[in-house]
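Morning, everyone. I have one model to show, and I will keep to what can be read from the coordinates.

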Amino acid sequence: MVVFTGFAGSAAAPPAPPIRFEEIAAKSGLRFELQNGEAGGFHQVELTPGGVAALDYNNDGCTDVFFTNGAAIPSLRKTGPKFSNRLFRNNCDMTFTDVTGEAGLAGEGYSVAVAAGDLDNDGWTDLFVAGVKGNALYRNLGNGRFADVTARAGLASLDPLFGPRWAVSAGWLDYDSDGWLDLFVANYVVWDAAREPRCGAPEKQFYCHPKAYQGLPNQLFRNNRDGSFSDVSRASGIGSHTGKGMGVSFADMDGDGLTDIFVANDSVRGLLFHNRGNGKFEETGLEAGVALRDDGHAIAGMGADFRDLDNDGRPDLVVSGILNDSFLLFRNLGGQKGFEDYAQRTGLLMSTRQLTGWSLGMYDFDNDGWKDLFFALAHLTQLDPYLGREAALPNRIYRNIEGGRLEDVSAGAGADFQLAANHRGAAFADFDNDGRMDAVVSVVNGPAKLFHNITGSQSHWLAIRLRGVRSNRQGLGVEVRVHLADGRDLYNHATTAVGYASSSEPLVRFGLGANRVAELVEIRWPGGPPQTIANVAADRIVEVTEQVQP
Amino acid sequence: MRNWKRSIGIGALAGVILCAAGPPSPGQHSYEKANALFVEKKFSESLAAVEEALRLDANLVPALTLKAKLAMAANRYDLARQSLERALTVDPTASYAQFLYGMVAYLNNEMTGALIRFRKARELAPRDPRAALYLGLATESVGQPEEALLLYKEAIRLERATGQPQAETLLPGARLLLLLGRLDECEGWIRQAVKLSPNLRDAHFELARLLLKKGEPAQAAAEGELSLSLSEGTVTDTAIHYLLIRAWQQAGMPDRAAVHAAVMRAGENPVIHTVVK
């Protein structure tokens, strides 16, 4: 079944209008200040919050916003309302209302990450909130309220080897293609406030390098289809590799119909888990060429996104890093060829060398048919005296020039886009359903920002909202190809695991440029033949329900 | 820069020269003994001797500078800073102390301080290639690649003027040219470095990286294997193995790539699924 919503497009698009944003968080009522609980103790946890989610929790067709929040240190307790996680309902007019209390999502503990997904296929998006020494799973009851089902889901028990862990990112994927979303948790390091190492000179203390902390393995939880999960970290091979996980992203990198996993690690090599299809993963980061920077150096990997940048049908990988790392961009060559360093040729390498990036997203912000890059930036807080400059940075946006060049167009992206802050998490969605991707960004100890996309482009767009029947309800992991009259094929897939500690909308979006019609839309549900729709008019959200063969 | 210890080691000789230019100090003999012990890497004995020199003459600049170097070798940058500040109070024109002060800042990622000190060291000793080289590195770190390249070129020019060009001075510029995608220029620099120090693994590693970028994976693999077989240099085995994985794969020899991947994985910390009571 196919349902069309939205409005038909208009005139042909002029070429290359500048990507522009206006920042409207205060105006829209999205008033949130992330608290990291810092009090001069230089505790490592202070650096990591906080993730943001863009989700439609009440199924009104307008994307809502959830913010994670920190807690007091060292107690790791939310000692007051300023530490509450917060849910904001989109009133469908680009204003938001704080509904945290009625939703029951204020939370407890030191929250860092959020992952949104429909874990029980009931059509309501649920939330997994991860953090320092405690994670929580909230089931969406469909009446505006969420229930904490962590214990019932089997996610509250402590790991016998590592005890409570510190998770920085998480994501939902259907790794075994059984139609139920499984949960991946990217863990960072072993941390104890009482045993925090001290670094820097006594009169000039600073946060320790991650090498001062022991890394942790990641976790994979298989959905038992009854509201509970089984820890398959060890059986799947995921738990056999230690890292210092920061960002996680998913894609079918080799076209075998199975979702693979990339984890960006802080100061140790990246991990690429190739899904073997038998419940097991093989770590292939070294062979694929995505484990380290080109010179063999492990960057401070932060956020990641795993999508097709150059429209060749193969998902590429972008990873943000810290000052003097340069951000990484790996181009997927297909099959055994692995990935090649693409950051230098596209101009991203040198352009990002003086930046520290956290969350990021690969979306087509000007709808020209090429996915651009948005980076949420800030140097480490209190690095100022070392750098001789402010830690706060303005964000950056890079325009994708036909898949071969990434042009920094931040300077032209509007006055609000030039303002520096300690940006961290970022989630991406079209909050006003105008076909242009917006971004919500958290700021450490400062007001969150909502970047409303006001790009003057008249380029056309198409968004696919998937409804799985045999597959998971949201269609996460499903790939979509769009063929255009100008001869181009565009590729994207459904995922909410985007960037750093954050979760973005599940819709599969395409910028169509001057094309008013997508000649063909091909949806590749796992385990079945492609589902195709011909001549789909642009500038609308198309809801596609999975066709199941009898 | 990884070979900074070599740079400050060379400085020991400079200290002797500086000392010889002044009037005799009661601490001179002890200082010379300390310096000789430092060169022999007998650090604790050297420290004892330098403390004796400073007991006899608290303002002996070469001894203060040597004490700073000893502190740096022990990663006590706070103590190094104290010694250097004292040395520069006694003699603000002590170029090597200025250079070392810059090194302390550079190694602590304090680029603003490093730039100031390296610039000052350059003013005081315009023919010292080390100051030009490290000013170049600090300049590159704050995002000024073209200015950094000019300084690298100046460092090389100064070294050539002494008749003792060093491969280590060529390599930072070569790495930057590689990052900038200026592959032909980069190749010229690297080939000079290889010629100057054929047993330096760093030079062969950079050549291998360049060849891989140029689409010559078989030659890159050969250079990489040569690099791995050499012990002199600072490039890690991990970095070389990672390069060789990609080079052999692109050369159509995945079995050889797998050997290097296995070595790398063997060096990583496995997760032991045993509960320690």
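This is a predicted model: local features need pLDDT of at least 70, side-chain atom pairs count only at pLDDT 80 or more; totals for chains, interfaces and linings use all residues.

Residues are numbered from 1 along each chain as its sequence is written, and chains are lettered from A and ligands numbered from 1 in the order in which they are written.

Chain B has 15 helices and zero strands; helices (H or I, at least four residues) and strands (E, at least two) are DSSP runs, numbered from the N terminus. Of the 277 residues in chain B, 50% are buried, that is, with 20 or more other C-beta atoms within 10 Å of their own, the C-beta atoms being placed from the backbone. Take the contacts in chain B between residues at least 6 apart in sequence: 48% of them join residues at least 24 apart. Contact here means C-beta atoms, placed from the backbone, within 7 Å.

Now the helix pair. Helix α5 of chain B, residues 77-90, packs against helix α6 of chain B, residues 95-107, at an angle of about 155°, with the axes 10 Å apart. Axes are lines fitted to C-alpha atoms, for helices over the stretch in contact, and angles run from 0 to 180 degrees between N-to-C directions. That angle makes α5(B) roughly antiparallel to α6(B), the term for anything over 145 degrees. On the α5(B) side, the residues that meet α6(B) include B:L84 and B:L88; on the α6(B) side, B:L100 and B:V104 are among them. By class, the contact of α5(B) with α6(B) has ten nonpolar residues, one polar and one charged.

Next, the chains together. In chain B, 28 residues are in contact with 28 residues of chain A. On the chain B side, α7 (111-124), α14 (237-250) and α15 (254-266) each give two or more residues. The largest share, seven residues, comes from α14(B).

Which strands form the open sheet in chain A? The order is β19-β20-β21-β22, with antiparallel pairing; two strands pair if DSSP finds at least two bridges between them. At the edges are β19 (245-251) and β22 (281-283) of chain A, each pairing on one side only. From one strand to the next, the twist averages 20°. Strands β20 (260-265) and β21 (271-275) of chain A pair over three bridges, and A:V263 stands opposite A:L271 in β21(A).

Methods:
Two residues are in contact if their C-beta atoms, placed from the backbone, lie within 7 Å. Angles under 35 degrees count as roughly parallel, over 145 as roughly antiparallel, 65 to 115 as roughly perpendicular and the rest as oblique. Ala, Val, Leu, Ile, Met, Phe, Trp, Tyr, Cys and Pro count as nonpolar, Asp, Glu, Lys and Arg as charged, and the others, Gly among them, as polar. A residue is buried if 20 or more other C-beta atoms lie within 10 Å of its own, exposed if 12 or fewer, and partly exposed in between; C-beta atoms are placed from the backbone.
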